Amino acid sequence: MSTPSVGIVLVSHSAELAEGTANLAAQVSGGTVTIVAAGGTDDGDLGTSAAKVEQALRDADQGAGVVVLPDLGSAVLTVRAVLEDYGSAGSVLLTDAPFVEGAVAATVIAAAGGDLKAVAAAAEEARHARKL
Amino acid sequence: MPANCEQEITLTGDLHARPAGALAVAAGRFAAAISVTVGGRTADAKSVLGVMGLGATSGQHVTVCAAGADAQHAVAALVAILSEATKVGG
């Protein structure tokens with residue numbers, strides 16, 4: 001489709017977790033959505049990086065906005081700090097969602113052409129999905 | 001006038017993550033409400049987690065049901081995906 005899809009940013013304390021989740025979500029959704037992993041500190045340790053998050057937001061925005069999924073509480077602090085100074089914060093939605101399930105659900109809705117609100121809602125509703 | 005459409009298909013492979021994703025992405029592009037039912041359990045076809053949660057396996061019968069203006073097209077598209085995508089493991 002010609003219209004841009006909502007971008008996804010995965011913020012994890014672990015670079016491997018962010019990359020792996022991005023890879024999984026891309027595979028499940030068919031690879032048409034821009035998913036950017038922002039994991040680990042600038043030195044490659046466990047933690048989060050404001051610089052990585054900011055760059056990820058810019059890379060993920062294809063014109064339809066960005067949905068951000070943090071893995072654990074302090075990733076939320078980093079994202080909020082970045083958004084305070086981020087130029088187009090209005091086009092970014094920070095979601096309260098399970099990391100893996102939320103990333104997969106959000107990416108599928110983005111691939112289907114869902115708007116920013118619909119993609120964020122899919123991420124948050126993922127907490128109610130049962131696996132068994 | 002909303003149309004209703006229903007069709008059954010027998011899976012030739014398990015409904016793993018990738019086919020479930022392909023199904024949900026396709027379903028999300030239709031306006032119709034679409035459900036998939038397997039072994040008495042029903043999921044919203046537009047919810048990839050719901051579809052994966054069905055745990056549908058090879059040989060099971062899946063009923064695709066849609067209601068809305070584009071229901072016929074939706075069911076045809078999803079049945080085609082189910083028959084193709086479940087041929088290989090996801």
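Colleague: What does the cover over the buried residues of H3(A) include?
Modeller: This is a predicted model, in which local features need pLDDT of at least 70 and side-chain atom pairs count only at pLDDT 80 or more, while totals for chains, interfaces and linings use all residues. Residues are numbered from 1 along each chain as its sequence is written, and chains are lettered from A and ligands numbered from 1 in the order in which they are written. Helices (H or I, at least four residues) and strands (E, at least two) are DSSP runs numbered from the N terminus. In chain A, the cover includes strand S1 (7-12), helix H2 (50-60), strand S3 (66-70) and strand S4 (92-94).

Colleague: Within what arc do the buried residues of H3(A) fall?
Modeller: A residue is buried with 20 or more other C-beta atoms (placed from the backbone) within 10 Å of its own, exposed with 12 or fewer, and partly exposed in between. In H3(A), residues 73-85, the buried ones are Ala75(A), Thr78(A), Val79(A) and Val82(A). They line one face of the helix, because the directions from the axis to their C-beta atoms fall within an arc of 95°.

Colleague: Which residues are exposed on the other side of H3(A)?
Modeller: An α-helix has 3.6 residues a turn, so residues three or four places apart point the same way. On the other side of H3(A), the exposed residues are Gly73(A), Ser74(A), Leu77(A), Arg80(A) and Glu84(A).

Colleague: What arc do the buried residues of H3(B) cover?
Modeller: The buried residues of H3(B) are Ala71(B), Ala74(B), Val75(B), Leu78(B), Ile81(B), Leu82(B) and Ala85(B). They lie on the same side of H3(B), because around the axis they cover an arc of only 130°.

Colleague: How far apart are the end C-alpha atoms of H3(B)?
Modeller: The expected span is 1.5 Å times one less than the number of residues. H3(B) has 15 residues, 71-85, and should therefore span 21 Å. The end C-alpha atoms agree with this, being apart by 21 Å.

Colleague: What pattern does chain B follow along the sequence?
Modeller: Chain B holds three helices and four strands. Read along the sequence, their pattern is β-α-β-β-α-β-α.

Conventions
Contact = placed C-beta atoms within 7 Å.
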